[in-house]
Amino acid sequence: MDIRIENEKENKGNNTFSIIENKRTKALLEEVMEVIFLICAFFAILAVFSITLYMILNGTPSLFKVGLKEILFGTEWAPTAAEPKYGILYVILTSIVGTACAVIIGVPIGVLTAVFIAEVAPKKLAAIVKPAVELLAGIPSVIYGLLGIMLLNPVMYKLEMIIFKGSKTHQFTGGSNLISAIIVLAIMILPTVINISESAIRAVPKEMRSASLALGASKIQTIFKVVLPVAKSGIISAIVLGVGRAIGEAMAITLVSGSSVNIPLPFNSVRFLTTAIVAEMGYAADQHREVLFTIGLILFVFIMIVNTIFAKLLSGKEES
């Protein structure tokens, strides 16, 4: 018995807690983690800088050879002709119009769906809808394109036949047109907008909802007057990511848009900036290839401008 007591005393003596040693360990751990964080931030900045430098070096030579005005404001795209033409004005306009329309359609549907999941739907129903939305995010883009070809394009073609019946000037597209591309893009940005918006809405403190209801506001008034304004920064972030998804999409749009350089009218076969690169990079050479890199540079600048605008809007809302 005495031996056990002595052993317990020895163990207690060995397990003594030292405040000084603990502080030193914490300080060392903090210094190590700061170095790790600094290295990670450096590589993130290096990646952005490297991509920017690469796009500038490969995208600017054709601007001097062909001419900035000829590329940006030319309307004829014929890179393999005897006298090549590299005008991409219609391609730029198509990307702007297609992305804007997809955002106009997709963002309200996505935000309202997020409101439904987070605020309105019963828990059992929300438990079904949310995994379905997450599954929608995991579907490869080529599947969206194939579904567009099989389901959407035939409907668009029937509508096209009805609207342009007897027309001798309209070039029929078989349903592969700007409207089909916009609808597919709008569907593809839904998961991003819904998931991030729902997280932002759920992050709003419950006390704010309770205070609004206590003051006599209805549940719908509380959602639109209290919850959504408070969650505005997260919703804007969702829109930014949705716009980035829409601008950068290529495979699905290649399948449903027709991939022809035309004015971006609803029933015209069109080509986006991304599809222009995907469609021709495989066989392009020399100056043609350089112009495709220029299109990539323009797309890169376009995305940077959009992100900057939304960042300014977001910072302005947070300050106000």
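Which helices each supply at least two residues of the lining of the second largest pocket? Some notes on that and a helix pair follow.

1. This is a predicted model, where local features need pLDDT of at least 70, side-chain atom pairs count only at pLDDT 80 or more, and totals for chains, interfaces and linings use all residues. Residues are numbered from 1 along each chain as its sequence is written, and side-chain values use heavy atoms, with hydrogens and water left out.

2. To the opening question: α4 (68-73), α5 and α14 (286-319) each supply at least two lining residues of the second largest pocket. (Helices are DSSP runs of H or I, at least four residues, numbered from the N terminus.) α14 has the largest share, five residues. By class, the lining has 11 nonpolar, one polar and no charged residues, with Gly counted as polar and Asp, Glu, Lys and Arg as charged.

3. Now the helix pair. α8 (residues 178-202) and α11 (residues 232-248) pack at about 155°, axes 8 Å apart (axes are lines fitted to C-alpha atoms over the stretch in contact, and angles run from 0 to 180 degrees between N-to-C directions). That makes α8 roughly antiparallel to α11 (angles over 145 degrees).

4. Who touches whom? On the α8 side, the contact residues include L185, M188 and I189; on the α11 side, they include G234, I235 and R245 (contact means heavy atoms within 4.5 Å). The residues of this contact divide into 10 nonpolar, four polar and one charged.

Definitions and conventions: Parallel < 35°, antiparallel > 145°, perpendicular 65-115°, else oblique.
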